[in-house]
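Take a walk through this structure, one part at a time. Keep the sequence at hand as you read.

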Amino acid sequence: MVDVALKILLHDRLRFIITVSGVAFAVTLVLVQVGLFLGLLDNASITIEKCNADLWVTSRNTANVDYGQPFPASYLQRVRSVPGVERADNLIIWFTRLNLPSGATELVITYGLEDFTRWNLPWVASGGNVQDLRRGNFVFFDQSARKRYGQFKAGDYREFLGRRMKIIGETKDVLSFTTTPIAFMDFHVLQSLDPLELFDRTVYILIKLAPGADVGQVQAQIRRRLPYNDVHTRSTWARRSRNYWLTTTGLGLSMFVTVFLGCLVGVVVVAQSLYTSTMEHFKEFAMVKAMGGGNPDVYYILVKQAVIAALVGFAIGAAQAAAARPAVTGLGLKMIVPGWFFLVVFAGTILMCLGASLVSYRRIAKAEPALVFRG
Amino acid sequence: MNATQPEPVLRAEGVCKDFRDGRDTISVLKGISLTLTPGEAVVLEGPSGSGKTTLLSILGCILTATSGEVFIKGQRVDASKPGRLAALRRDCIGFVFQQFNLFGALTAQENVEYAINLKGASGSRARKEAAKWIDRVGLAERRHFLPQDLSGGQKQRVAIARALAGPSRIILADEPTANLDFHTGRIVLELFRQLAKEHQRALLIVTHDPRVRPITDRTLFLKDGILTDATSEST
């Protein structure tokens with residue numbers, strides 16, 4: 001069978017390039033934008049996901065993990081007394097001010113715990129032992145902080161709220177949604193840095209359940225004992241933290257609009273291009289009908305053209321998105337494109353191109369075979 | 001029907017065609033009757049606007065008559081539904097046009113092969129048959145040329161090969177030499193006639209071109225919607 005669809009596409013190479021470019025643009029935009037957003041969302045909950053706490057006690061209506069409010073640290077005792085709780089510890093996550101050697105001041109999200117390794121925080125550390133944080137005014141910085149704070153190494157000192165703290169190691173991939181760098185220090189040291197807010201207080205209580213304990217029952221017990229706090233499972237807390245950025249801030253809407261506009265550009269370019277091509281070959285399609293072909297024979301050509309444009313455009317778009325990944329990483333950002341999303345974009349690209357060719361179908365349906373007699 | 005005469009492959013009886021123009025009705029064809037037998041070549045002449053192309057469209061199952069009957073291979077087709085008419089065009093009729101109407105993106109041979117594909121054959125069978133017809137019209141050296149790289153005469157040869165390829169027993173040609181110079185037109189016509197006769201195809205050529213008469217068996221003349229046999233005038 002002569003591949004009329006492909007032959008027509010390749011016959012007008014410039015138009016084919018324009019069509020494919022439109023598709024590739026939309027695919028790249030969607031993959032990169034959504035990939036970046038998913039990367040940021042991953043940051044928004046990565047510490048919750050990596051920490052091995054089964055339950056988190058937070059202050060009432062805390063929206064996300066970075067914005068917790070303090071409550072009495074003594075609540076920890078009430079939690080520890082609940083049957084089914086194997087271990088519970090206080091955790092402070094707090095914005096502190098950091099003075100840089102340059103004289104500039106930056107914010108840092110500081111995690112304070114007594115025993116980090118027990119809770120798998122941080123999950124990748126190098127250059128020092130996390131257990132040493134308990135010994136005094138010591139801090140671990142995440143590698144990503146260099147972008148904001150400049151170069152540092154183990155043995156350097158930095159001022160946190162006026163106190164000199166020694167850097168004794170680095171962490172990796174501990175990131176926040178806002179890209180504010182994260183540091184780790186001892187729980188009591190962090191309390192003492194901001195005594196007005198944090199004296200005798202904590203921001204979260206991490207809970208590890210005993211083997212066989214019923215999550216729902218333990219959660220209900222803790223809620224009874226801490227009626228002015230919230231108790232979340234790891235998954236609900238992670239989802240809540242992500243949803244905050246998605247819904248409350250309008251970032252989700254902004255992302256949706258960007259993706260929508262990207263797709264719209266793709267649809268318009270493909271529709272315009274296929275329609276122009278259809279009109280240029282209108283008489284040839286009428287000839288197909290004059291030779292005894294029907295609408296399905298012509299639709300087949302249009303569908304195949306749309307699918308070819310989608311496949312080639314998707315391949316180029318996906319390759320461009322993959323090529324953008326190192327540049328994105330160089331900017332200290334993460335791009336996450338899960339397999340399912342890749343498939344969704346692939347299917348979406350095919351549907352987008354088929355949808356874009358609908359205008360052409362309508363026009364072709366009206367093509368009369370008698371047109372072939374006109375000069 | 002005379003027993004010695006071959007069965008007509010195309011027969012029209014009292015075909016009329018009216019078009020509405022606002023409140024007016026214009027009768028373009030007024031009771032046309034004609035027959036075409038296999039291997040026969042007939043030329044249809046007439047002034048511009050006399051209804052030649054309309055008649056060709058009705059005989060080619062592209063338009064339907066207002067009244068009258070059309071038979072193809074003995075079967076009445078004038079009251080058929082669009083799908084049946086398309087099937088008749090596919091299986092029984094080949095067209096040749098003044099404007100060639102070739103696919104610009106397909107080579108000479110692919111243009112013929114695609115027509116064969118539409119008629120139901122595919123793969124190497126269609127390719128071989130297309131190659132055979134391209135050879136028959138003398139374009140073996142140019143089989144892989146696109147229409148834009150062929151001369152007018154060569155394009156018309158491709159169109160002739162496309163019309164003759166496959167099972168079509170009736171070939172309808174609308175001004176096939178109008179876009180060709182005198183010499184080329186003559187060569188193309190002779191080739192057309194020879195191949196149609198050789199393969200027992202009934203050929204109806206609508207034209208103004210006086211070169212066509214000598215190569216045909218009969219001449220029909222259409223004027224004001226009325227068809228007359230003008231064969232005697234041409235002999």
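Domain bounds here come from an automatic or database domain assignment. For chain A that assignment gives domain 1 (4-43 + 250-373) and domain 2 (61-227). The centres of domain 1 and domain 2 of chain A, taken over C-alpha atoms, are separated by 48 Å.

A word on the model and its labels. This is a predicted model: local features need pLDDT of at least 70, side-chain atom pairs count only at pLDDT 80 or more, and totals for chains, interfaces and linings use all residues. Residues are numbered from 1 along each chain as its sequence is written, while chains are lettered from A and ligands numbered from 1 in the order in which they are written.

Start with two helices of chain A. Helices (H or I, at least four residues) and strands (E, at least two) are DSSP runs, numbered from the N terminus. Helix H2 (residues 13-50) of chain A packs with helix H11 (residues 295-330) of chain A at an angle of about 40°, and their axes are 7 Å apart. Axes are lines fitted to C-alpha atoms, for helices over the stretch in contact, and angles run from 0 to 180 degrees between N-to-C directions. H2(A) and H11(A) are therefore oblique to each other. Angles under 35 degrees count as roughly parallel, over 145 as roughly antiparallel, 65 to 115 as roughly perpendicular and the rest as oblique.

H2(A) passes H11(A) in a right-handed crossing; a crossing is right-handed if the near helix is turned clockwise from the far one by less than a right angle, and left-handed if anticlockwise. Which residues meet? Among them are Val20(A), Val27(A) and Gly35(A) in H2(A), and Ala310(A), Gly317(A) and Ala324(A) in H11(A). Two residues are in contact if their C-beta atoms, placed from the backbone, lie within 7 Å. The residues of this helix contact divide into 17 nonpolar, six polar and no charged. Ala, Val, Leu, Ile, Met, Phe, Trp, Tyr, Cys and Pro count as nonpolar, Asp, Glu, Lys and Arg as charged, and the others, Gly among them, as polar.

Now the meeting of the chains. The contact takes 21 residues from chain A and 26 residues from chain B. On the side of chain A that touches chain B, helix H10 (282-290) and helix H1 (4-11) of chain A each give two or more residues. H10(A) gives the most, with five residues. That side of chain A divides into 12 nonpolar, five polar and four charged residues.

Chain B holds sheets. Two strands pair if DSSP finds at least two bridges between them. One open sheet has six strands in the order E6-E7-E8-E3-E9-E10 (chain B), with mixed pairing. Its edge strands are E6 (93-97) and E10 (226-229) of chain B. The twist averages 20° from one strand to the next. Strand E7 (residues 170-174) and strand E8 (residues 202-206) of chain B pair in the parallel sense over five bridges. There, Ile171(B) stands opposite Leu203(B). Helix H5 (residues 152-164) of chain B packs on this sheet, touching E6 and E7 of chain B.

Another open sheet has four strands, in the order E2-E1-E4-E5 (chain B), with antiparallel pairing. Nine bridges join strand E1 (residues 10-21) of chain B to E2(B). Lys17(B) stands opposite Leu29(B) in E2(B). E4(B) and E5(B) form a hairpin with two residues between them, and Lys73(B) in the turn has a positive phi of about 50°.
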